[in-house]
Amino acid sequence: MLKIVYAPDPMLKKVCEPLSQVDDHHRDLIKKMFEAMYEANGVGLAAPQVGINKRIFILDSGAREEEKKPLIMINPSLVSIDDKTVSYEEGCLSFPEHFAEIDRPDQLTIKYLDENNKKKTLTTDGFTSRIIQHELDHLNGILFVDYLSRLKRDVIIRKMKKFKKENNSSNDKKI
Ligand SMILES: [Zn+2]
């Protein structure tokens, strides 16, 4: 099982590299990313969150429901995005137990490659659009806490440092 990188970590602040072509190695990574995302009860996961500096993310707006809707986006780029913004409570697998209301545009159109190197375009809004914007940010080293006031962000980062410390020490005990 892939290990999810928790914030704060320099890996999460890097701008990721585009793929020249999707190969079996990437398809294997994507399969493992889905396993890690579903295991963590997440709805989206970007490659840097598992320590890979590539422009790949996955999402499933139906991850917590019966009907799964897995999507794979490689080398994604926005074609257009709404002016109108909506507020929604976001979380992130790199920030377990932390949530915050974030304003983002609603509707967007995005183009990307799928796992078979096919060019795709998707226009969407609501939850799917929200996840796409969050994951796309990950590929550019932007985290949801970067939209918060410095005070709120610092509180979360401090708690995450403590959480990582506790997690590491409990792992040591197991060994
Ligand atoms: Zn995230």
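1. His 138 has a relative accessibility of 2% and therefore counts as buried (buried is under 20% relative accessible area, exposed over 50%, partly exposed in between, with a 1.4 Å probe and protein chains only). The model is a predicted one, in which local features need pLDDT of at least 70 and side-chain atom pairs pLDDT 80 or more, while totals for chains, interfaces and linings use all residues. Numbering runs from 1 along each chain as its sequence is written, and side-chain values use heavy atoms, with hydrogens and water left out.

2. His 138 (NE2) is one of the protein donors of the zinc ion; the others are Cys 92 (SG) and His 134 (NE2), and the distances run from 2.0 to 2.2 Å. Donors here are N, O and S atoms within 2.8 Å of the metal (3.2 Å for Na, K and Ca); water is not among the atoms, so sites may look incomplete. The sequence spacing of the donor residues is C-x41-H-x3-H. Cys 92 sits in the loop between strand S4 (85–90) and strand S5 (100–105), and His 138 in helix H2 (residues 126–139), so this pair ties together parts that are 46 residues apart in sequence. Helices (H or I, at least four residues) and strands (E, at least two) are DSSP runs, numbered from the N terminus. Cys 92 is also buried, at 10% relative accessibility.

3. Gly 141 belongs to the loop between H2 and helix H3 (150–174). Its relative accessibility is 6%, so Gly 141 counts as buried. Apart from neighbours within four places in sequence, Gly 141 is in contact with Leu 12, Lys 13, Lys 14 and Asp 146 (contact means heavy atoms within 4.5 Å).

4. The whole structure contains 4 aromatic pairs. Rings of Phe, Tyr and Trp (its six-membered ring) pair if their centres lie within 6.5 Å; planes under 30 degrees apart are stacked, over 60 edge-to-face, and the rest tilted. Tyr 6 and Phe 163 are edge-to-face, because their centres are 5.3 Å apart and their planes at 75 degrees. Tyr 6 is in the segment before helix H1 (24–39) and Phe 163 in helix H3, so the pair links parts 157 residues apart in sequence. Tyr 6 is partly exposed at 26%, as is Phe 163 at 24%.

5. Phe 95 and Phe 144 are also edge-to-face, at 5.2 Å centre to centre and 90 degrees between planes. Phe 95 lies in the S4–S5 loop and Phe 144 in the H2–H3 loop, so parts 49 residues apart in sequence are tied together. Both Phe 95 and Phe 144 are buried.
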